[in-house]
Structures are given as structure tokens and as C-alpha cells.
Amino acid sequence: MPSSPLTHQAVVREGAQVADDVGWEHLTLAVVAKRLGVSMPGLYKHIGSIEGLRHDVAVYALGSFAERLAAATEGRSGPDALRSLAGAYRSFVQRHPGLYAAAMKSPSWADPERSAAARSVLRTAYTALEGYGLTGRDASDAVRAVRAALHGFTTMEASGAFGAPLDLDRSFQRLVEALERSLATWPRHTVKPVGRRGATDEAGAARPDDGGHLPP
């Protein structure tokens, strides 16, 4: 039995650890109960279902991701912010593969917890790119491009898809340098959308984005 009273928060944290250890797709109540040393009925007192656990772990994952990115980019701007954002992004994927997979699950914007957590990640991404002077849809497009590049590289790296015996750190550095050059010369074609999902206001404040709901 656990040495201290079991709490909902402790169950979610253990669920997050299970996701990292064995994979998000293998997260089950049975595994969490066994690792906590409690019976399934005992676990149900704190989490109602596997769907509930997955929801809460996803919220936890988004919050953790947002905190890591925000801490890395605080007080930085321009290329310095981009490099720090990219490094923190890659580090999170390497250290927390299960949580990253949970964070990548598209949230329902009707779900206040998940949408708030997803927006916190988005705000960090937009803030990190403010030094490039992008606003409106230009900023949204740039955030999507950076996200796609970082997600593609880090998930391919995590899955072992890069088979050639080349230095991955160097390749990642070159990728970030290419993003820096691209953002520095990003075409300005901003048209402020009206009443459309996926918009940002002129200050660059993120709103729900169809396909850009997570960081860069």
C-alpha cells in the first residue's frame, strides 16, 4: 500500500510517468493501480475511468510542455528565443515521449481545461516569435511552420527514423538556422480574418486554431 494517502494528483502524475515509461498508447488503469500498489476499486475512488485519466494526463502534459517552453524563452527575443524554444521542444520530446504524445492529441475547444492548457502553449510560441515582427495570419502561418519542422524532426529522431550515421545535434542546429533565416525574411501578406476559427488578433494573441492548436 502507498506510504501516504492517495490523491487524484498522485494518480495523474503516475499516469504521466507510465505514459513516458511504456508509451501513451499503453496507459491503462490496471498498470497505474499496480504501480501505485492499490486495487482497482481503490483507484476508482480517485479517477473514474481510463478516459478520465487520459484527459487529465493530457492536461498535465500540456501544462508541463508550456512551462518548459516558457521558462526556456523568458526574457529572450528573435533568433535567441527561437533557438531556446527549439532546444526546449526537442528536450521535452526526448525526456517525455509519452507526455509529448498526450500533448499532441487535438483538444476539444469546448473542454475548458484542455483548451486553456493548449492556449498556454500557443501563447508561448507566439511570444517567442514576436521579435520577428509578425502579426495576424502571418504569425499564425509562421507558428505552424516552426511547429511542423520541430515536430517532424523530433518525432523522427525519437522513432529512430534517421538511420544515417550523422550527427543529429548538428542536423538539428542546421534546421533551426534555416528557420531563423526563413522567419527573418517571412513574406508579409497579413489579412485580418473576421469571424473565422484559426485567427489571431493584431497583437498576435492566440485563439483556437484549426491545425495550429499546439506549439509551433
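A helix axis, as used here, is a line fitted to the C-alpha atoms over the stretch in contact, and the angle between two axes runs from 0 to 180 degrees between their N-to-C directions. The model on display is predicted.

**First stop: helices α7 and α8**

Select residues 112–128, which form helix α7, and residues 136–159, which form helix α8. Their axes come within 10 Å and cross at roughly 105°. Angles of 65 to 115 degrees count as roughly perpendicular, and α7 and α8 are therefore roughly perpendicular to each other. Next, display the side chains at the contact: L122, A125 and Y126 belong to α7, while A139, S140 and V143 belong to α8. By class, this contact comprises 5 nonpolar residues, 1 polar residue and no charged residues.

**Second stop: T124**

Remain in helix α7 and select T124. Is this residue buried or exposed? T124 has a relative accessible area of 11%; because buried means under 20%, T124 is buried. Leaving aside residues up to four places away in sequence, T124 touches A66, L69, A70 and T73.

Now select residues 29–36, helix α2, and highlight L29, V32, A33 and L36, which are buried. These residues cover an arc of only 100° around the axis, which puts them on the same side of α2.

**Last stop: G37**

Finally, select G37, which follows α2. The phi angle of G37 is positive, near 75°.

How values were computed
Residues are numbered from 1 along each chain as its sequence is written. This is a predicted model: local features need pLDDT of at least 70, side-chain atom pairs count only at pLDDT 80 or more; totals for chains, interfaces and linings use all residues. Side-chain values use heavy atoms; hydrogens and water are left out. Buried means under 20% relative accessible area, exposed over 50%, partly exposed in between (1.4 Å probe, protein chains only). Helices (H or I, at least four residues) and strands (E, at least two) are DSSP runs, numbered from the N terminus. The arc is that of the directions from the helix axis to the C-beta atoms. Angles under 35 degrees count as roughly parallel, over 145 as roughly antiparallel, 65 to 115 as roughly perpendicular and the rest as oblique. Contact means heavy atoms within 4.5 Å. Ala, Val, Leu, Ile, Met, Phe, Trp, Tyr, Cys and Pro count as nonpolar, Asp, Glu, Lys and Arg as charged, and the others, Gly among them, as polar.
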